[in-house]
Amino acid sequence: MDEIQLLKENFIKIFNEDFEHVYFSPGRVNLIGEHTDYNGGHVFPCALSIGTYALVTERNDRKVCAYSMNFKDLGIIEFSLDNMVNDKKDDWANYPKGVMKIFEDNGYKMKNGFNVLFFGNIPNGSGLSSSASLEVLTGTIINDLFGFNVDMIDIVKMSQEAENNFIGVNCGIMDQFAVGMGKYNNAILLDCNTLKYEYSEIDLKGYKILIGNTNKKRGLADSKYNERRSQCETALHEIQKIKNINALGELTEEEFEEVKDVITDPVNRKRAKHAVYENQRTIKAVKALKRDNLELFGKLMVDSHNSLRDDYEVTGIELDTLVELILKNDGVIGSRMTGAGFGGCTVSIVKDESVDEIIKNVTPAYKEKIGYEPSFYVVTISDGARKLQ
Ligand code: ADP
Ligand code: MG
């Protein structure tokens, strides 16, 4: 709550009035199931205790005045509800604007604008989905302010639509889903083919989720992401010539081994292999967790990282170094890259008492090899986007 007190002071300073409402939307981390979402497979993300806050006061006119504590240099960004187009100069504010536009396109008309101050305590562009957090937060705000009564699942879908069609990032549904539908101390097994999902309680008695940020900017991530998507699509089309499937996620490992030779390009074959095996690994990992077999869960996390490194080739020296260094320590159950890759974050499950030692050992060793330090966050699993006051 200290956070809100600090934000309140800023809100008053910036908008010359007090705030009326406070909202919070988490970031998310994917525990296992990477690059499976757009291949019609399973993912296993959870919402985090860190995320994005918003303080809001309604206005009497048609303006939205938005300020972000994370982009102070840009000051207040102002736009009209009557002209919601993606405008480069509005920078980050295109994310909330996009969600508002998609709501309007779906018939949810906002009767007036508002002042809003955002603050995120998740890093931007590091694979913890600050963008989805901001989008679902915006959907939650306008749903509440204007009494639209939209179910969270539809806020999730409209947020994804905003990211796909207004921002122009070709992301799957996982990020917005985890941020919106998250549940305290639960991860979500989501079938991205059918959108069927189930919560799985994570009882980390004696363990912590440790996020390590490589602090490597993602750079080429977007073009490589699109390349991986199209490599998997090509492989799928070749398999479809001999087997009736809609997505790689429908195949078991055995079925994949039977048909894999039809994929002509060996690189595409490796990509498809990852998609199939990672999906099956995710299902196995959730079963292991249900049986309280955290050791097996951790082993599958490491297998996931190795597959992302060798077959999918989306890790890079920074992520590989961080995972390797973490795994050298006592008390580490599992560790892997999380998010799209090429930089961004790792996720590890580690024993409570080992956290400090791991950070102490890994930080200088990483710096020596990579040239700069990583950052660490100990996180807990929280509920999805919601109104706080
Ligand atoms: P990720 O979702 O992995 O954090 P993205 O590149 O998809 O990375 O999204 C990051 C972008 O989202 C930021 O550059 C910014 O435009 C927007 N954003 C996220 N959080 C905030 C925030 N608290 N305030 C303003 N903009 C934000
Ligand atoms: Mg994002």
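User: Which strand and which helix each supply at least two residues of the shell around ligand 1?

Analyst: In this predicted model, the shell around ligand 1 comprises 17 residues, and those that come nearest are Ser68, Trp92, Gly120, Ser130 and Ser131. Of the secondary-structure elements, H3 gives the most to that shell, with three residues. The elements that each supply at least two residues are strand E6 (114–120) and helix H3 (130–145).

User: Is Gly127 buried or exposed, and why?

Analyst: Gly127 sits in the loop between E6 and H3. Beyond its neighbours within four places in sequence, Gly127 is in contact with Thr338, Gly339, Ala340, Gly344 and Cys345. Because Gly127 has 30 C-beta neighbours inside 10 Å, where 20 or more are needed, the residue counts as buried.

User: Which residues does Ser131 touch, not counting residues up to four places away in sequence?

Analyst: Ser131 belongs to helix H3. With 23 C-beta neighbours inside 10 Å, Ser131 counts as buried. Once residues up to four places away in sequence are set aside, the residues that Ser131 touches are Tyr95 and Glu163.

User: What mean pLDDT does the protein chain have?

Analyst: For the complex, the predictor gives an ipTM of 0.99 and a pTM of 0.95. Within the protein chain, 99% of the residues reach a pLDDT of 70 or more. Where pLDDT is low, predicted coordinates should not be read in detail. Averaged over the protein chain, the pLDDT is 96.

User: What radius of gyration does the protein chain have, and how does that value stand against a compact globule?

Analyst: The C-alpha trace spans about 65 × 50 × 40 Å along its principal axes, and the secondary structure of the chain comes to eleven helices and 13 strands. Buried residues make up 47% of the 389 residues, and among contacts between residues at least 6 apart in sequence, 72% join residues at least 24 apart. A compact globule of 389 residues would have a radius of gyration near 21 Å, so the value of the chain agrees with that expectation, at 21 Å.

User: How far apart are the end C-alpha atoms over residues 9–56?

Analyst: An unreviewed UniProt entry places the feature "domain: Galactokinase N-terminal" at residues 9–56. Over that stretch the chain is 15% helix and 50% strand, and the separation of its end C-alpha atoms is 13 Å.

User: What covers the buried residues of H10?

Analyst: The buried residues of H10 are Glu318, Leu319, Thr321, Leu322, Val323, Leu325 and Ile326. An α-helix has 3.6 residues a turn, so residues three or four places apart point the same way. The cover over the buried residues of H10 includes strand E9 (207–213), H9, strand E10 (332–338), strand E11 (345–351) and helix H11 (355–370).

User: What is the phi of Asp292, and where does Asp292 lie?

Analyst: Asp292 is found in the loop between helix H8 (266–290) and helix H9 (294–310). The residue is exposed, because 11 other C-beta atoms lie within 10 Å, and 12 or fewer is the limit for that class. Although Asp292 is not a glycine, its phi is positive, at about 65°.

User: What C-alpha to C-alpha distance separates Ala288 and Gly298?

Analyst: Ala288 is in helix H8, and with 17 C-beta neighbours inside 10 Å it counts as partly exposed. Apart from neighbours within four places in sequence, Ala288 is in contact with Asn293, Leu296, Phe297 and Leu300. Ala288 and Gly298 are ten residues apart in sequence, and their C-alpha to C-alpha distance is 9.6 Å.

Definitions and conventions:
Residues are numbered from 1 along each chain as its sequence is written. Chains are lettered from A and ligands numbered from 1 in the order in which they are written. This is a predicted model: local features need pLDDT of at least 70, side-chain atom pairs count only at pLDDT 80 or more; totals for chains, interfaces and linings use all residues. A residue is near a molecule or strand if its C-beta atom, placed from the backbone, lies within 6 Å of it. Helices (H or I, at least four residues) and strands (E, at least two) are DSSP runs, numbered from the N terminus. pLDDT is the predictor's confidence in each residue, from 0 to 100. Two residues are in contact if their C-beta atoms, placed from the backbone, lie within 7 Å. The radius of gyration is taken over C-alpha atoms; the globule rule is 2.2 Å times the number of residues to the power 0.38. UniProt positions are given in the numbering used here, feature names are shortened, and annotations may be inferred rather than shown by experiment.
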